[in-house]
Amino acid sequence: MMLSIENLRVSFAREHGDPVEVVHGINVTLDKGETLGIVGESGSGKSVLSLATMGLLPRTATASGKILLDGEDILSMSERQLCRVRGRKIGMIFQEPMTALNPSMRVGAQIAEGLRLSQGLSRRAARAEALRLLDMVKIPRAADRIDSFPHEMSGGQRQRVGIAIALALKPELLIADEPTTALDVTVQAEVLDILDELVSELGISLILISHDLGVIARITDRTLVMYRGDEMEQGETEQVLRRPAHAYTRKLISALPNRVRSALETPDG
Amino acid sequence: MKRFPISLILGGLITGALIGAALLSRVWTPADPTAMNILNRLKGPGEAGLLGADQIGRDVFSIIMAGAWTSLGIAMTATLLGGAIGTLIGVSAAAKGGVFERLAMAINGVLFSFPPILSAILLGALMGPGALTSITAIGVFMIPVFARVSRGAALQIWSRDFVQAARMAGKGPALITLQHILPNISAQIIVQLAIQTGLGILSEAGLSFLGMGVAPPTPSWGRMLADAQTFLSSAPHLVLAPGLAIALAVLGLNLLGDGLRDLTDPRRRQAS
Amino acid sequence: MPALKKLSRQIGGLVITLWIASLVIFLLIEAAPGDAASIMLGTNAAPDTVAALRSELGLDRPLLWRYAGWLGGVLSGDLGTSYTYGVPVAGLIADRLAVTVPLTLIATLLSILISLPLGVWAANRPNGPVDTLASLFSQVGIAVPNFWIGLLLILGVALGLGWLTPGGFPGWQAGIGAAFEALILPSIALAVPQSAVLTRVTRAAVIEVTNEDFVRTARAKGLSRGRALWRHTVPNALLPVVTMLGLQIPFLISGAVLVENVFTLPGIGTLAYQALSQRDLIVVQNVVLMFTLIVMVVNLIVDALYTVLDPRLRGRV
C-alpha cells in the first residue's frame with residue numbers, strides 16, 4: 001500500500017460569494033506500515049484532508065490535485081469505486097464516540113454490517129468475526145457486550161467499537177481523526193495503546209490526526225504540521241518536535257504544559 | 001425549506017387578499033349574497049356572475065366574499081381566545097412548575113383529545129349549532145396547542161442567564177414572565193396564531209359542512225359545499241369555488257406562518 | 001421492572017384522564033336542553049306518560065346516581081339503549097366501528113406509504129425536483145379540506161370515470177371485496193392531508209439525521225449512500241414521524257366524521273352526527289367518550305412504539 005497526496009486543494013462553496021479554499025496544496029506520502037501524525041489547531045484543514053482521502057467530502061466541497069492510493073486517484077473515482085475503497089482499503093475512526101455509532105443498532109451488528117456486505121459472510125460467521133474483533137480491541141466479556149446498544153457502553157468502550165468497525169475489513173490504511181480527544185484522560189491512554197498495538201501488529205499504515213502533540217509523539221513516525229490549510233513543516237516526528245524548523249511548531253510546543261514538554265525531550269521515556 | 005422571501009410574500013399576499021375580501025364584503029359585494037334569483041338557478045361561471053349561481057340563484061362570488069368574513073371571523077376569534085388562554089396556561093406552567101405544571105399539562109392532554117368536531121358535537125347538544133358553538137369548539141382545541149408551544153418556549157427563556165439575573169435581583173415569577181418571557185416568546189406565538197388561524201378556517205368549514213356551524217342565511221364556505229353535494233353532477237362549479245377558497249385561505253395563512261417563522265427563528269437566521 | 005412500572009403509571013394516568021373526560025361529557029350532556037323521555041315520546045305526549053317513562057329510565061334519580069349508573073354501565077359494557085333506534089348503544093357503536101376502524105387504518109397505512117418514500121426521497125436531494133414536488137404537495141395537502149377532496153373524488157373518479165362507488169357501504173356481509181371497494185375513495189380523501197403532514201415531518205427528520213456522525217461512520221464502512229440512508233438514517237428518523245402520527249389522531253377522527261358524511265358511510269362519525277341531530281343524547285354521550293378513549297389508547301401505543309424505535313428510551317422511567 002502506498003498513499004501519495006499531491007498538491008491537494010479543497011474549497012467549499014458558499015451560499016453567497018466565491019468558494020473558500022480551506023486546504024492550500026498539501027503533499028503527503030505514506031508507505032506501508034508507516035504512521036503519520038497530522039497536527040494543527042481546529043480549522044487547520046486536517047479533518048478536511050482526512051475526509052478527502054476517504055472520498056467523504058460534503059457535496060459543497062471541491063477538491064483538486066491527486067490522492068493516489070496504490071496509484072489510483074481517489075478524487076477521480078466513481079462513487080461505486082469509492083464504496084469499494086472505504087472500509088476495505090481505508091478504515092476511519094472518528095472523534096466523537098458518543099455520536100459516531102448508530103444509537104438504534106446493536107454494536108455487534110454495526111461491526112458485522114460491513115463484513116456481511118462486502119465479504120458476503122453469513123450472519124453467523126459475521127457475528128463470530130465481530131466477536132473476535134471486540135476481543136481484539138479488548139472489550140472485556142465481549143460475548144456479553146456484542147448485543148449491547150451504544151448508549152449502554154462507556155465512551156472508551158464505544159471508541160473501541162469504533163476501532164473494531166474500522167478494522168473489520170482489514171484495511172491497509174487507518175485514519176484516526178482525534179480518536180481520543182473526547183475521552184477522559186485515563187481512558188485516552190488505553191485507547192491509544194490499543195490503537196498503537198494493533199497498527200504495529202497488523203502492519204497497517206496509520207494517519208493520526210490530533211491537536212495533541214503528546215499523542216502524536218507517542219505513536220507516529222512522521223509528522224505534518226498544518227496551519228490554516230497550509231503545511232508548516234513535515235518530517236520525522238522526533239525531528240519535528242525536538243528541533244522544530246518552523247515558528248508555528250515552536251509555538252505549539254511552547255503551549256504544552258512543562259511536564260509534557262520535558263517528556264518530549266527525554267528520548268523514549 | 002429555505003423559502004423565506006417567497007413564502008412570506010406569497011402568504012402575505014393571499015392573507016391580505018383574504019382579509020381584504022372579508023372587509024370589503026361588509027360594504028360591497030357584486031350582488032347581494034342572500035338575494036335569490038330563481039332564473040339564475042345553478043347557472044355556471046360567466047352565465048351568471050363571475051363564479052355562477054347556486055341552487056336558489058344566489059351569486060356564488062358574492063357568497064364567497066361574504067363567507068370570508070364568516071370564516072375568518074370565527075377562526076380568528078377562536079384562535080385569539082384559545083391562544084390567549086393557552087399561552088396564559090403555558091407561561092404560568094413554565095413559571096410555577098411543580099404540581100401546578102403537571103396538573104395544567106394533564107388537563108391539556110384531556111383537551112387535546114377533543115378535536116373541534118368532537119367538542120362541537122358535545123356543545124351542539126348543549127347549545128345548538130351557531131357561531132358561538134363553532135368558536136368555543138375550535139377555541140377549546142387551540143388551548144392545549146398554545147399551552148404546549150408557549151410552555152416549551154418559555155422554559156427555554158427561563159434557563160437563560162438574563163432571567164437568572166432577574167431572579168437574583170429578587171423579581172417574582174409574574175414580573176419576570178411579563179418583562180422577559182412574554183416579549184421573548186411573542187414571535188413564536190405570532191407564528192402559531194397565523195398557522196392555527198388556518199387550521200381554524202379548516203375546522204370552521206368542517207363544522208358548517210356538517211351543519212354545526214353558523215346558521216343560514218349567514219354565508220359560509222362549509223355549508224356551500226354541503227349544499228353543493230346534492231348538485232354534484234349538474235353544477236360542479238358549486239363544489240369547486242368554496243373548496244378552492246378554503247384551500248387558498250389556509251395555504252396563505254400557513255405560508256405566512258412559515259415565512260414568519262423563518263424570519264424570526266434565531267436558529268434559522270444564523271444558518272442563512 | 002421499570003418498563004412494567006412505567007406502563008402501569010401510564011395506564012393509571014389514562015384512567016384518571018378518562019374519568020375527568022367522562023365527568024365533563026356527562027355534565028355537558030346533562031345541561032343540554034330536552035330530556036330523553038319527552039324526546040322519545042314526542043312533543044304531544046301526556047305529562048304523566050312522560051313522567052312514567054322518566055322514572056322507568058331512571059331520569060328522576062339524583063345526578064350523582066345517574067352518573068354512577070352510567071359509569072358502572074360503561075365498565076360492564078352496558079351503555080344503555082338508544083332513544084331513537086331502540087337498540088343497545090354498545091351494539092350500535094360496535095357495528096359502526098366496523099366501518100370507521102378499517103377506514104382510519106387504511107387511510108393511515110396509505111398516508112405512511114405515500115409520505116415515507118416521498119419524504120425520504122425529498123430529503124435525499126434537498127432542493128431537487130422531488131423535493132420541490134414534495135414541499136408543494138405538503139403545503140397544498142395540509143390546506144385542502146379532506147371532505148372537499150372526497151367531493152372531488154366522487155366528482156372525478158366515481159361520476160367522471162365511473163370507477164368505484166360514489167358512496168354508501170354494502171356491509172361486510174356483502175364480501176370483503178365489495179366492502180373494501182367502498183372504503184377506497186374515503187380512505188384516499190382521509191389520507192391526503194395526513195400524508196402532507198407526514199411528508200413534511202419525514203423530510204425534516206431525515207435531513208437532520210443525515211448530518212449525524214453515525215451516518216458518516218456507516219459510509220466509512222463502505223456502505224453506499226442508499227444503504228446508509230435506509231439502514232442508518234431512516235430508522236433513526238422515525239421517532240418524530242411516529243410522534244406526529246400520534247398527534248394527528250384527533251384530526252384523523254375529525255376527518256373520519258366528515259369523510260363518512262361525504263360518502264354516506266355508516267361509521268361512528270355518522271352515528272355521532274345523526275345522534276346529535278336527533279337529540280339521541282345517550283348515544284352522543286357514549287360516542288364522545290369512546291372517541292376520547294380511542295385517542296388516549298392510541299397515544300399510549302405511540303408511546304410504546306418510541307421504546308421500540310429508540311433503545312435509549314428503554315428502561316427509562
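Predicted model: local features only at pLDDT ≥ 70, side-chain atom pairs only at ≥ 80, totals over all residues.
Among contacts in chain B with a separation of 6 or more, 71% come from residues 24 or more positions apart.

Turning to the partner chains, 33 residues of chain B are in contact with 38 residues of chain C. On the chain B side, four helices each supply at least two residues: H3 (98–112), H4 (116–127), H7 (173–209) and H9 (237–264). That side of chain B is made up of 25 nonpolar and eight polar residues, with no charged ones.

Chain C also touches chain A, and here 19 residues from chain C meet 24 residues from chain A. Two helices of chain C, H9 (213–220) and H10 (225–247), are the elements that give two or more residues to this side. H9(C) gives the most, with seven residues. By class, the chain C side splits into seven nonpolar, five polar and seven charged residues.

Both of those chain C helices can be set against the record. The unreviewed UniProt entry annotates residues 97–306 of chain C as "domain: ABC transmembrane type-1". In the model that span is 83% helix and 0% strand, and its end C-alpha atoms lie 27 Å apart.

Conventions: Residues numbered from 1 in each chain as written. Chains lettered and ligands numbered in written order. Contact = placed C-beta atoms within 7 Å. Nonpolar A, V, L, I, M, F, W, Y, C, P; charged D, E, K, R; others polar. UniProt positions renumbered as here; feature names shortened; annotations may be inferred.
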